[in-house]
Amino acid sequence: MNNIPETSMALANFLLQVKAVKLSPNAPFTWASGLKSPIYCDNRVTLSFPQIRTFICEEFVRLCEEKFGRPDVIAGVATGGIPQGALVAHSLGLPFVYVRSEKKSHGMNNQVEGFLPEGASVVVVEDLVSTGKSSLTAVDALRECGANVKGMLAIFTYGLGVAAQNFEDKKCQLYTLCNYDTLIKKAIEEKYVREEDLSSLIEWRQNPQKWSDARM
């Protein structure tokens, strides 16, 4: 948890303040998959706070230019990445498209919505990365349309090993503004959780399924 950028710590504080991220190691949340977890993340909450919304957009723009240069198009992943990506595209003065979780069953049967020239370089914007499966489905869809996906930016990642492997397998670079380790450090500093909860929080990240099974 050393050498954490100041901006990442600032964002962790914002996420905790507005309860976009909630921590409850002793009364865990149940995810849609049925998995028990000490953390719940809903970054859509940040859109309701202009200061935080602007901070995230500015940091996305900085990270995009630093890691990927200027792409031809910004793509948002439905649903949480759509507003974030649109803000980034607007700030950069670039075209914007978004990617559905699956193709429409009617009309043009599109999965990628918007005008995407074949061969265009694209940076994908996501709000949250857990295992990376849904995020990388969007990358596949963009590549199938002939796009050159330069990589992905996300607000937050749980830092799960399976996600790192999935992104490596798809040859897609991922950069995030904040991550689980940074958030836990800030949460302890600001007393959102107790120091004695740290080991449990670390255990979850190392093996979410085992942690969950022990609490069923």
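What is the volume of the largest pocket? In this predicted model, the largest pocket has a volume of about 810 Å³. Its lining comprises 33 residues, of which Cys41, Leu128, Ser130, Ser134 and Tyr158 are the closest to the pocket centre. Two or more lining residues are contributed by each of strand 4 (39-41), strand 8 (121-129), helix 4 (133-144) and helix 5 (161-169). Classified by residue type, the lining of this pocket contains 15 nonpolar, 12 polar and 6 charged residues.

Tyr158, one of the residues closest to the centre of the largest pocket, also belongs to the largest nonpolar core. This core has 46 residues, and the members that touch the most other members are Leu11, Leu23, Ile39, Phe156, Tyr158 and Leu183. Helix 2 (residues 50-67) makes the largest contribution to the core, with 8 residues. When residues up to four places away in sequence are not counted, Tyr158 is in contact with Trp31, Ile39, Cys41, Leu128, Val129, Ser130, Tyr180, Trp204 and Arg205. Among these partners of Tyr158, Cys41, Leu128 and Ser130 are also listed with Tyr158 as closest to the pocket centre. Ile39, a further contact of Tyr158, is itself among the core members that touch the most others.

Ala78 and Thr79 are joined by a cis peptide bond, with omega at about -5 degrees. Thr79 is located in the loop between strand 5 (73-77) and helix 3 (81-92).

Positive phi values in residues other than glycine occur at two lysines, Lys171 and Lys191. For Lys171, phi is near 55 degrees, and the residue is placed in the loop between helix 5 and strand 10 (174-179). The relative accessible area of Lys171 is 72%, and Lys171 is therefore classed as exposed, the cut-off being over 50%. For Lys191, phi is about 65 degrees, and the residue is part of the loop between helix 6 (180-189) and helix 7 (198-206). Lys191 likewise counts as exposed, because its relative accessibility is 71%.

How values were computed: Residues are numbered from 1 along each chain as its sequence is written. This is a predicted model: local features need pLDDT of at least 70, side-chain atom pairs count only at pLDDT 80 or more; totals for chains, interfaces and linings use all residues. Side-chain values use heavy atoms; hydrogens and water are left out. A nonpolar core is a set of buried Ala, Val, Leu, Ile, Met, Phe, Trp, Tyr and Cys residues joined through side-chain atoms within 4.5 Å. Buried means under 20% relative accessible area, exposed over 50%, partly exposed in between (1.4 Å probe, protein chains only). Helices (H or I, at least four residues) and strands (E, at least two) are DSSP runs, numbered from the N terminus. Contact means heavy atoms within 4.5 Å. On a 1 Å grid over the protein atoms alone, a cavity is a set of points where a 1.4 Å probe fits but cannot get out, and a pocket is an open set with protein on both sides within 12 Å along at least five of seven lines; lining residues have an atom within 4 Å of a point. Grid points are joined across faces, edges and corners, and a volume is the space filled by probe spheres set on the points. Ala, Val, Leu, Ile, Met, Phe, Trp, Tyr, Cys and Pro count as nonpolar, Asp, Glu, Lys and Arg as charged, and the others, Gly among them, as polar.
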